[in-house]
Amino acid sequence: VAAPAAMAPRPRFVSPRPILALLAALAAALALSACGPEAPKFKGSDVTGSAFGRDFSLVDFDGKSRTLADYRGKAVVLFFGYTQCPDVCPTTLSMLAEAMKQLGPDADRVQALFVTVDPDRDTAELLKQYVPAFDPRFVGLRGDAAQTEAVAKEFRIIFQKVPGRTPETYTVDHSAGLFLFDPAGRLRVYEGHGQPPETLVHDLRALLRETK
């Protein structure tokens, strides 16, 4: 038998205000977690304070001795490679050139440096032709065998000659990645090989904002 209408249970009304307040609190918490001090500043690996990659002493393709101090005031991108590299090096330099385009006016505050791990073949003249072909602002650096070993050790770079058909046609296996320095000359970010230019642009702008 159906219950009389007067005896039917009434629906319980719940005010939406507590629920809305809870949702607002959750949204605020998420915003703080995304923007707070614990949020990662860089898309690459933050290596701030590392005890490696502190400096270098090499020569540019005009024969001038260079260290990080020469580029103080600019964010620096350092990359190790060699001019006869068949794939990794030209691909990375092309990506760097695209990143410079995307940076727009900020590119004037960035210096890209290419350090050869093949000083036997990469003469100053060859570096001067090869490196700026990707972007006229790029600079090639080299050293003798001892200097190359020293800078590779400082940056924990591994490189090794791989014999070719003739003594002159060897290749060089080497670590691939980018080292980013802030305008004060401190190593801050390591970008693994294969990152898109947008990742580099993001991290360089983060470094440049620190000095504005």
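Me: How many residues does the largest nonpolar core have, and which have the most contacts inside it?

Reply: This is a predicted model, in which local features need pLDDT of at least 70, side-chain atom pairs count only at pLDDT 80 or more, and totals for chains, interfaces and linings use all residues. Residues are numbered from 1 along each chain as its sequence is written, and side-chain values use heavy atoms, with hydrogens and water left out. A nonpolar core is a set of buried Ala, Val, Leu, Ile, Met, Phe, Trp, Tyr and Cys residues joined through side-chain atoms within 4.5 Å, where buried means under 20% relative accessible area (exposed is over 50%, partly exposed in between; 1.4 Å probe, protein chains only). The largest such core has 55 residues, and the most contacts inside it belong to Phe56, Leu78, Phe80, Phe155, Phe179 and Leu200.

Me: Which element gives the most to this core?

Reply: Helices (H or I, at least four residues) and strands (E, at least two) are DSSP runs, numbered from the N terminus. Among the buried residues of H2 are Cys89, Leu93, Leu96 and Met100. With 8 residues, the element that gives the most to the core is H2.

Me: What does helix H2 reach from its first C-alpha to its last?

Reply: The expected span of a helix is 1.5 Å times one less than its number of residues. Helix H2 (residues 88–103) has 16 residues, and 22 Å is expected. Close to that expected value, H2 reaches 22 Å.

Me: How many aromatic pairs are there?

Reply: Rings of Phe, Tyr and Trp (its six-membered ring) pair if their centres lie within 6.5 Å; planes under 30 degrees apart count as stacked, over 60 as edge-to-face and the rest as tilted. By this rule, the count of aromatic pairs is 8.

Me: Why is the pair of Phe79 and Phe114 tilted?

Reply: The ring centres of Phe79 and Phe114 are 5.8 Å apart. Their planes lie at 50°, so the pair counts as tilted.

Me: How many residues apart in sequence are the parts that Phe79 and Phe114 tie together?

Reply: Phe79 lies in strand E4 (residues 75–81), whereas Phe114 lies in strand E5 (residues 110–116). Both Phe79 and Phe114 are buried. The pair therefore ties together parts whose separation in sequence is 35 residues.

Me: Over which ring does the charged end of Lys161 sit?

Reply: A charge sits over a ring if NZ of Lys or CZ of Arg is within 6 Å of the ring centre and within 35 degrees of the ring normal. The charged end of Lys161 is 4.5 Å from the centre of the ring of Tyr170.
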